[in-house]
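Below is a short report on a complex of protein chains. Please look over the sequence and the 3D view before reading on.

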Amino acid sequence: MNNTSYESVMGRKNEIMKKAVGIDYNVFESGDIRFDYEKMMRDTGYSLDEIQKIQLATGVGNTPLLELKNLTKLARKVAPKGMGARIFIKDEASNPSGSFKARRAATAVYHAKRLGYKGVIAATSGNYGAAVASQAAMQGLKCIIVQECYDSKGIGQPEIIEKARKCEAYGAEVIQLTVGPELFYTFLRLLEETGYFNASLYTPFGIAGVETLGYEIAMQFREREGKDPDVVVCTNAGGGNLTGTARGMIKAGADQTQIIAASVNLSGLHMASDIQFNKKSFTTGHTGFGMPFSTGPDRSDVPRSAARPLRYMHRYVTVAQGEVFYMTETLAQIEGLERGPAGNTSLVAAFSLAQQLDEDKIIVVQETEYTGAGKHVQPQLSFARDNGIDIKFGNPRDEVPGQNIILPEHPRLIQAQEVDLNKLRRSYINHCIDDYGQKEISNEDLDFLVQETKSSIEFVKEIIKEKDIKISE
Amino acid sequence: MKIKKGDWVLTYHVVLTPDERAPQVPDDTKKVPLESWVKGFLQEDAEIGDEVTVKTITGRMAKGKLLEVNPAYQHNFGNFVPELLQVGIQLKSILWGGEQNE
């Protein structure tokens, strides 16, 4: 019997993971900073064609593309004359489990079954849990979902409690925990105990599962409008949504489309804090995941994450919690679409960004998510109020996460805030160099850092020069 | 209250005590244990508060303190948030109210 203390389980992490994911990540490593990302995606993933077949077999994908004509009209009312791109939304809530996560889960569970695993485990408080549970039900595997759900008073986020219900509805076992990163410890112990597959969000097949979303967007627009969209906005947390969508667009040849990331601004709140846990009104799609996973993607539950958003994003914007709730209500009131709040993060950004584009341009929001008790603008705002958060109309720029939620008093006040991407790129490069710990890096590593940050040789050289790092000849 | 073997129950257990918590955890979180809740079929007759074993829906055996029998979902749509009413009213007026820019 293995020692189950925190230290010894964490010490066995790599060994447990190798067994539970079926990938030897070492073969993609160089021993230096770089690893072969494309080889990892090629050798361990599936082709787009195979994934389309896998997803078709379980009713995943081919979701409707809807034009939000009234929202576009509203944007044009508040935009400068002649501005206001057409806003479209990909209604991913139509997937079997109610979100785009079904795409990721379909390939992960298919892969687990093909390798002969009896069950799957995922550590997630988000829509991915229901997606894995739904796929496990379809493909006849057992399923365990581990959630971070409660604070130390036993008060749970309504959104997460609803997601637990949905997982159980599909026959999954749900283990709920209080706040803390040691969720990973519980997760590892379960993998060891059951021998199940780690249906991580960050494996190559999980990310490849999202590529069909980008591909479909390009194909649907060509069929309908005869051209690719100008901008696609992706809600960004762990980075997989953006990475997969962008890769799918590129595979479709839509390489002129701008990919813009959007996250809910939760700056100032610590994600592992027991006291602050219920002071936030979004449990995903926020900067608490979006920023650290952009600047350090390999902090995930696999040695090398297949989600590497900095490689693909052209811009990154943040929006306020009050703006997202307001936009969720807007979508219901003027478009007749009642959808979950977190999925509407990118919709807020699109509404604002559309006003910077000409009327003949097209901007796409690439997801929606299901809504229901707990996971809805009404209970989430009510919960915030119960936790002492001041909810009022005003200017969203005055919102302080954890203290108030400001619903815009007029739609013209909805304004996505630009994140300095170079700052994130710099932070990513610094992480890599610090982890590496050497005074000299190779030209190959230099190229890798350029690709990882979608920057230039000059940009990376400047940063490593500041750090007194040399490039070996 | 006697809970019968085979009943569907909710159990609770402490995964890590405060002194066993990970070093990177913030101070407020370090003061409290890491707790967990698991549901399953009770393996022996017991009373609320007893340490019991349950068989989960996936067939795993798990130990914990017995909290509740037939645990129900209590989440709902919360208290009414009247501010939300104003959003639709304002937007419809901007879109179709005939005003120019407001």
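Of the 102 residues in chain B, 25% count as buried. Buried means that 20 or more other C-beta atoms lie within 10 Å of the residue's own; exposed means 12 or fewer, and partly exposed lies in between, with C-beta atoms placed from the backbone. This is a predicted model, in which local features need pLDDT of at least 70, side-chain atom pairs count only at pLDDT 80 or more, and totals for chains, interfaces and linings use all residues. Residues are numbered from 1 along each chain as its sequence is written, while chains are lettered from A and ligands numbered from 1 in the order in which they are written.

Chain B has a radius of gyration of 24 Å, but a compact globule of 102 residues would have one near 13 Å. The radius is taken over C-alpha atoms, and the globule rule is 2.2 Å times the number of residues to the power 0.38. The C-alpha trace of chain B spans about 70 × 40 × 25 Å along its principal axes.

Chain B holds 2 helices and 6 strands. From the N terminus, their order is β-β-α-β-β-β-β-α. Helices (H or I, at least four residues) and strands (E, at least two) are DSSP runs, numbered from the N terminus.

How many helices and strands does chain A have? The count is 18 helices and 15 strands. The C-alpha trace of chain A spans about 65 × 55 × 45 Å along its principal axes.

Buried residues make up 60% of chain A. Among contacts in chain A with a separation of 6 or more, 77% join residues 24 or more positions apart. In chain B, that share is 51%. Two residues are in contact if their C-beta atoms, placed from the backbone, lie within 7 Å.

## A crossing of two helices

In chain A, helix α13 (residues 321–335) packs on helix α14 (residues 345–354) at about 85 degrees, with the axes 9 Å apart. So α13(A) is roughly perpendicular to α14(A), a label for angles of 65 to 115 degrees. Helix α13(A) brings E323(A), V324(A), M327(A) and L331(A) to the contact, and α14(A) brings T345(A), L347(A), V348(A) and F351(A). These residues divide into 6 nonpolar, 1 polar and 1 charged. Ala, Val, Leu, Ile, Met, Phe, Trp, Tyr, Cys and Pro count as nonpolar, Asp, Glu, Lys and Arg as charged, and the others, Gly among them, as polar.

## Where the chains meet

Chain A puts 48 residues in contact with 35 residues of chain B. Elements of chain A that give two or more residues include α5 (69–78), β4 (142–150) and α13. The largest share on this side, 6 residues, comes from α15(A). The side of chain A that touches chain B has 22 nonpolar, 17 polar and 9 charged residues. The predictor gives the complex an ipTM of 0.95 and a pTM of 0.96.

## Two positive phi angles

Most residues other than glycine have a negative phi. D468(A) is not a glycine, yet its phi is positive, about 65 degrees. D468(A) lies in the loop between α18 (457–466) and β15 (470–471) of chain A. It counts as exposed because it has 7 C-beta neighbours inside 10 Å.

N70(B), also not a glycine, has a positive phi of about 45 degrees. N70(B) sits in the loop between β6 (61–69) and α2 (83–96) of chain B. With 10 C-beta neighbours inside 10 Å, N70(B) counts as exposed.

Note on methods. Axes fitted to C-alpha atoms, helices over the stretch in contact; angles between N-to-C directions. Parallel < 35°, antiparallel > 145°, perpendicular 65-115°, else oblique.
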